[in-house]
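I wrote them in the order in which I looked things up.

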Amino acid sequence: MTFNREQLVGIAHAERQRLGRMIQFADPETWEKPSAADGWWNIDVMAHLAASDTAAAQLVAGQPAEELDEYRAQLVDGAFTTDGWNAWSVNRRSGLGVRQILETWGAAAESLLAHCARLTDDEWRDARFRWLAGDIAAAYLVQSRTVEWFLHGEDMRATNGVAQDWQVNWQHWPSYLTIDLGVRMLPWALERAGYDMAGRTIRIDVDGPGQGVWHWGLGAGDVPSPHSVPDAVIVGRAPQMALVAGRRLDPEDALSSGLLVLGGDTDLAETVLRTIRAYA
């Protein structure tokens, strides 16, 4: 499925509001408690989002991403890594108050979406922004931020007092966009993990909130014929597929529970399931 700008920014705005509501309902003392993101307290998760969304908003506004540039400048001979940037940007906010971090994130997220809405049609289609793993189009930047808000919301909901009954009704679009981004990144993720999957294809067919069907080539630039038979198949429940793609659910747990089922070349399908990731 291809989204136009109005649809994608609207979906992102809804997820930004959902995360904002969760913040409002969180028990205040839980900000200084561990989240489900290993090594981070709940307020650390928000510090991470505040840093990344500020940088994203600045880039789309045509301004230097000051903090991101500062991190790159101090690396000297070290290679840029997303994990390094995340740790550095979170650690330097350790002395800030909870309210300041939360307000910074809210303003940055709103600014990002407002500047995306103001891009010309040509800029939305053609502009590329120097993001974490390389240059990125506006549409994929918005999608990746929406996925981050969804996944990190799950990290915090696990311990911040609002988990009970919050996900009785899963939201379709955050789950869908997470699976979609993970599928689109499969050739990169597989190559990064040392696999050569050129010429092989996967079909992912999941139902429930986030439901969709993807038939994707696993080598860089591979585009399967619409009527070709995939080499491997993954079927099951969309929310759990989204959590696997977001590295929040162990693939083994999803398989053993029967929520995801493999078909075709099951070894290939299992490799895909263990490699898929919806972020760089």
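Entry 1. Is Phe3 buried or exposed? I found Phe3 buried, at 16% relative accessibility. I use "buried" for under 20% relative accessible area, "exposed" for over 50% and "partly exposed" for values in between, with a 1.4 Å probe and protein chains only.

Entry 2. I noted what kind of model this is: it is predicted, so local features need pLDDT of at least 70 and side-chain atom pairs count only at pLDDT 80 or more, while totals for chains, interfaces and linings use all residues. Residues are numbered from 1 along each chain as its sequence is written, and side-chain values use heavy atoms, with hydrogens and water left out.

Entry 3. I looked up aromatic pairs next. Rings of Phe, Tyr and Trp (its six-membered ring) pair if their centres lie within 6.5 Å; planes under 30 degrees apart count as stacked, over 60 as edge-to-face and the rest as tilted. By this rule I have nine aromatic pairs. One of them joins Phe3 and Trp173 edge-to-face, with 5.3 Å from centre to centre and 80° between the planes. Phe3 sits in the segment before helix 1 (5–25) and Trp173 in helix 8 (residues 172–184), so this pair ties together parts 170 residues apart in sequence. For helices (H or I, at least four residues) and strands (E, at least two) I take DSSP runs, numbered from the N terminus. Trp173 counts as partly exposed, at 31% relative accessibility.

Entry 4. I then checked Tyr176 and Trp214, which form a tilted pair, 5.1 Å centre to centre and 35° between the planes. Tyr176 is in helix 8 and Trp214 in strand 4 (residues 212–217), 38 residues apart, and the pair links these distant parts of the chain. Both residues, Tyr176 and Trp214, are buried. Ring pairs link Phe3, Trp173, Tyr176 and Trp214 into a cluster.

Entry 5. In which order do the four strands of the open sheet run? The order is 4-3-5-6, with mixed pairing; two strands pair if DSSP finds at least two bridges between them. Strand 4 and strand 6 (260–264) are the edge strands, each pairing on one side only. On average, neighbouring strands of this sheet are turned by 15° against each other, direction ignored. Strand 3 (residues 201–207) pairs with strand 4 in the antiparallel sense over six bridges. I looked up Val206 and found that its bridge partner in strand 4 is Gly212.

Entry 6. Helix 8 lies across strand 3 and strand 4 and runs at about 10° to strand 4. Axes are lines fitted to C-alpha atoms, for helices over the stretch in contact, and angles run from 0 to 180 degrees between N-to-C directions. Contact means heavy atoms within 4.5 Å. Helix 12 (residues 266–275) also packs on the sheet, where it touches strand 3, strand 5 (232–237) and strand 6, and its direction makes about 140° with that of strand 6.

Entry 7. Arg5 is buried, with a relative accessible area of 14%. What does the side chain of Arg5 reach at 2.9 Å? It reaches the backbone oxygen of Cys116. A polar atom of the Arg5 side chain also lies 3.5 Å from the backbone oxygen of Ala117. Leaving aside neighbours within four places in sequence, the contacts of Arg5 include Arg118, Leu119, Asp121 and Trp124.

Entry 8. I looked up a hairpin: strand 1 and strand 2 form one, with two residues between them. Strand 1 (residues 128–131) and strand 2 (residues 134–137) pair in the antiparallel sense over four bridges. The bridge partner of Phe129 in strand 2 is Ile136.

Entry 9. I ended on helix 10 (residues 238–245), which is mostly covered, with eight of its eight residues buried. Among them are Pro239, Gln240 and Met241. Just after helix 10, Arg247 takes a positive phi of about 60°. Most residues other than glycine have a negative phi. Arg247 lies in the loop between helix 10 and helix 11 (251–256) and is partly exposed, with a relative accessible area of 40%.

Terms used:
A polar contact is a pair of N or O atoms within 3.5 Å; within protein, one must be able to donate a hydrogen and the other to accept it, and residues adjacent in sequence count only if both atoms are side-chain atoms.
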